[in-house]
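Visitor: I'm new to this one. Could you walk me through it, bit by bit?

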Amino acid sequence: MYKDLLLHDKGFWISSGPYSDIVLSSRIRLARNMKGLPFSGRMAKRDMVKLVHSLEKFREESALFPGTHSIDLSSISNNEKRYLRERNIITYEMEISYLSHVLVNKVQDFSIMVNDEDHVRIQVIRPGLQFLSSYRLADKVDDELNRFVPYSFSTEYGYLTSCPSNIGTGIKVSAMLHLPVLTIQNKIPFLIHKIKKIGVNLAGTTGEGIKTIGSIYQLYNRTTLGVSEIDIVELMDGVVNKVLELEDNSRDKYLSESRTEVENLAWRSFGILLYSKKINYIEALEHLSNVRLGIILAIIKNGSLNVINDLMVGIQWAHLQRFYREFFKSIDESDEYRANYLRSGMQKMEKNDV
């Protein structure tokens with residue numbers, strides 16, 4: 001049942017992966033559309049019924065992926081939908097749609113978003129740099145799903161998608177990166193210019209160019225046509241490794257040249273999170289980013305990146321409401337609960353570090 005998924009405590013972000021000090025997560029998305037149906041933006045209710053029927057057959061009959069749950073988003077509350085969106089199980093467009101579903105397997109290895117921009121989007125997210133293993137699972141789900149859902153495919157262009165930029169492989173390979181020192185040193189514009197030439201974008205998390213919160217960025221491929229899926233995966237893996245090297249080298253240099261500044265940044269943020277009575281989401285994420293850097297550089301000793309990652313997710317609106325079993329009446333009230341949640345988390349860390 002969907003309630004079991006909504007109340008599932010553990011997410012991928014509390015596990016460590018390769019290079020997880022910089023790479024928060026790796027994600028593979030495959031965009032597919034069902035042959036004979038109009039694209040999502042033009043679908044009627046009868047078209048949706050046909051699509052969902054095929055997906056239900058996959059869910060019930062697939063021997064490869066037993067225990068997959070189906071959630072009709074129109075049947076759950078707005079707060080539950082927001083909770084799923086905050087966990088990256090659905091998108092904002094699906095959150096506000098009346099004709100969207102999502103399939104999630106019982107261990108949450110993958111999800112299938114139904115009627116987002118395309119009919120289906122197969123998604124695999126894993127901690128750290130794990131493009132290849134994520135792709136292998138997504139490809140396996142893709143092959144199995146195609147047994148039940150015939151895809152729109154052109155021998156000339158590849159998979160047909162609602163957005164021309166996804167035509168071809170329909171694959172989006174992306175990584176969420178924590179780049180605090182490159183941000184502090186204003187090297188992000190240079191990095192964007194350099195990787196854009198090879199068909200890769202680096203964007204902030206606010207949806208406004210490179211503007212971001214908490215020095216977190218999304219790196220993703222722009223090209224999907226004329227190259228194979230595995231070529232795109234390998235390209236992205238190579239680009240991420242170059243960004244890792246750049247951030248790592250910048251951290252070492254920054255620490256050796258400006259140690260007092262780094263220590264002050266990390267410990268001031270630790271103190272603010274430890275003692276604040278009220279804090280908004282943006283400010284909280286910025287301070288968690290600074291504490292995270294302090295842990296990585298061994299300024300804050302015995303701290304846990306997994307705890308900080310969990311706090312970064314847990315301070316979101318719907319997560320806080322679920323944790324405290326409250327429905328906030330105002331933004332001010334949510335800011336008070338957020339501060340309380342963070343104080344509790346930092347107090348536990350303080351006992352180990354001070």
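Predicted model: local features only at pLDDT ≥ 70, side-chain atom pairs only at ≥ 80, totals over all residues.

Visitor: Where is arginine 325 found?
Guide: Its phi is near 55°, a positive value in a residue other than glycine. As for its place, arginine 325 sits in the loop between helix 12 (317-324) and helix 13 (331-353).

Visitor: Is asparagine 88 buried, partly exposed or exposed?
Guide: Asparagine 88 has a positive phi too, of about 65°, although it is not a glycine. You'll find asparagine 88 in the loop between helix 3 (78-86) and helix 4 (92-95). The relative accessibility of asparagine 88 is 37%, so it counts as partly exposed.

Visitor: How do helix 8 and helix 9 lie to each other, roughly parallel or roughly perpendicular?
Guide: Helix 8 (residues 229-257) and helix 9 (residues 259-275) pack with their axes 5 Å apart, at an angle of about 100°. Angles of 65 to 115 degrees count as roughly perpendicular. So helix 8 and helix 9 are roughly perpendicular.

Visitor: Which residues of helix 9 meet helix 8?
Guide: By class, the contact has three nonpolar, no polar and three charged residues. Helix 8 brings Tyr254, Leu255 and Glu257, and these meet Arg259, Glu261 and Val262 in helix 9.

Visitor: How many residues of strand 1 are buried?
Guide: Strand 1 has partners in strand 8 (residues 171-178), antiparallel over seven bridges, and in strand 5 (residues 120-127), also antiparallel, over eight bridges. Strand 1 (residues 23-32) is largely enclosed by the rest of the structure, because the buried count is 10 of the 10 residues.

Visitor: What is the bridge partner of arginine 29 in strand 5?
Guide: On the strand 8 side, serine 25 stands opposite methionine 176. In strand 5, the partner of arginine 29 is glutamine 123.

Visitor: How many residues apart in sequence are the parts tied together by tyrosine 324 and tyrosine 337?
Guide: A search of the whole structure turns up 11 aromatic pairs. The rings of tyrosine 324 and tyrosine 337 have centres 4.9 Å apart and planes at 55°, so this pair is tilted. Tyrosine 324 lies in helix 12 and tyrosine 337 in helix 13, so the pair ties together parts separated in sequence by 13 residues.

Visitor: Which residues form the aromatic cluster?
Guide: Phenylalanine 323 and tyrosine 324 pair edge-to-face, 4.9 Å centre to centre with 85° between the planes. Both belong to one cluster, made of Trp317, Phe323, Tyr324, Phe328, Tyr337 and Tyr341.

How values were computed:
Residues numbered from 1 in each chain as written. Heavy atoms only, no water. Axes fitted to C-alpha atoms, helices over the stretch in contact; angles between N-to-C directions. Helix = DSSP H or I, 4+ residues; strand = E, 2+ residues; numbered from the N terminus. Parallel < 35°, antiparallel > 145°, perpendicular 65-115°, else oblique. Contact = heavy atoms within 4.5 Å. Nonpolar A, V, L, I, M, F, W, Y, C, P; charged D, E, K, R; others polar. Buried < 20%, exposed > 50% of the residue type's maximum accessible area, 1.4 Å probe, protein only. Pairing = 2+ DSSP bridges. Phe/Tyr/Trp six-rings, centres within 6.5 Å; stacked < 30°, edge-to-face > 60°.
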